[in-house]
Amino acid sequence: MKLTVNGEEIDSRAKTVQELLLELGIKPGAVAVEVNLKVIKRAEHPVYPLSERDTVEIVSFVGGG
Amino acid sequence: MKNREKLIVGGVEFTSRLWVGTGKYRTNEEMAAALEASGTEMVTVAVRRVDLKRGSGGLLDYIDTKRYRILPNTAGCYSVEDALRYARLGREAGLSDFIKLEVIGDERTLFPDVMGLLTATEILAKEGFIVLPYTNDDPIMAKRLMDAGAACVMPLGAPIGSGLGIRNPYNIKIILETVDATVVVDAGVGTASDAALAMELGCDAVLINTGIAGAEDAVSMAAAMKHAVMAGRLAYQAGRISKKLYATASSPLEGMLL
């Protein structure tokens with residue numbers, strides 16, 4: 001399945017947000033995930049389904065003022 | 001002494017009146033040491049894409065979130081839509097309603113777009129955010145932001161990262177007299193005396209990033225800012241003498257030989 005994650009097109013087998021994070025090796029800790037411009041609550045990660053051509057953004061905190 | 005009340009923002013009580021940014025340090029270790037030296041209890045962070053090749057950056061590995069409250073910002077947002085999007089992502093990443101709201105109007109000055117800021121403040125406050133808006137040193141806008149539901153106002157002392165200090169102390173003073181709200185000087189503080197001046201004016205707190213991170217010795221500057229904020233606050237509470245054009249002798253004239 002093709003997804004656009006953080007601006008990059010990737011091939012993924014993930015059926016849910018949580019599976020995508022695992023696949024990408026991202027610790028689920030302090031990240032926020034947006035699917036097609038909708039913020040997905042952390043509790044929904046295990047069940048929120050991903051579909052072909054979804055646009056996903058995964059963000060975390062970096063240094064800033 | 002006047003104004004002995006504590007600093008409370010969004011229902012959270014702060015002992016330290018210095019908030020510190022986490023950007024631009026040479027290393028994460030230096031940042032952690034500077035936070036420690038500053039005595040701060042709240043640190044700002046930015047929200048950015050995770051690098052898929054390197055994994056999540058791990059900034060929070062260097063910040064003890066039990067000790068420091070995380071204040072995500074919307075830095076880099078030039079529209080209301082972007083600011084709302086970053087604020088909502090920041091809330092989800094940090095599981096906190098605090099947001100340092102920036103809607104930037106211009107790349108060269110990084111001055112706020114106050115029209116956009118006001119709109120975004122109103123929307124986010126209604127969504128339950130504790131909105132801390134970075135704004136101009138404009139008393140009228142400060143009042144508007146408070147009316148829109150802001151938790152405090154954060155007027156700039158000077159442009160972000162400029163180190164020019166408090167360029168218009170009179171406007172800051174008028175803001176303090178105009179709004180019955182917490183006022184935090186955000187941006188422009190370049191050295192300890194700038195921080196002390198902000199506090200002597202009666203500001204409730206100061207937010208500093210570049211002034212600390214960009215110093216030759218960031219950790220020492222963090223300590224200097226800590227002391228400056230405390231000194232400025234104490235001087236404000238103590239009530240300074242009025243300025244006079246001519247001398248007033250400190251020693252008695254009585255008992256002199258002639």
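Mentor: A residue is called buried when its relative accessible area is under 20%, exposed when that area is over 50%, and partly exposed in between (1.4 Å probe, protein chains only). The model is predicted, so local features need pLDDT of at least 70 and side-chain atom pairs count only at pLDDT 80 or more, while totals for chains, interfaces and linings use all residues. Residues are numbered from 1 along each chain as its sequence is written, chains are lettered from A and ligands numbered from 1 in the order in which they are written, and side-chain values use heavy atoms, with hydrogens and water left out.

I begin with the extent of the interface. Chain A brings 26 residues to the contact and chain B brings 31 residues, where contact means heavy atoms within 4.5 Å. About 2,500 Å² is buried between chain A and chain B, and carbon and sulfur atoms supply 59% of this; buried area is the accessible area (1.4 Å probe) that two parts lose on being put together, summed over both. On the side of chain A, the greatest losses to chain B fall on F61(A), V62(A) and G65(A), which together account for 29% of what that side buries.

The polar part comes next. Between chain A and chain B there are 14 residue pairs in polar contact, both at pLDDT 80 or more. Such a contact is a pair of N or O atoms within 3.5 Å; within protein, one must be able to donate a hydrogen and the other to accept it, and residues adjacent in sequence count only if both atoms are side-chain atoms. The elements of chain A that give two or more residues to the side touching chain B are β3 (31-35), β4 (38-40) and β5 (55-63), and β5(A) gives the most, with 7 residues. Helices (H or I, at least four residues) and strands (E, at least two) are DSSP runs, numbered from the N terminus.

β5(A) also runs antiparallel to strand β4 (residues 42-49) of chain B, joined to that strand by 5 bridges; two strands pair if DSSP finds at least two bridges between them.

The interface also holds 4 salt bridges, each a side-chain nitrogen of Lys or Arg within 4 Å of a carboxyl oxygen of Asp or Glu. In one salt bridge, the side chains of R85(B) and E34(A) meet at 2.5 Å, N to O. R85(B) is partly exposed, at 29% relative accessibility, whereas E34(A) is buried, at 2%.
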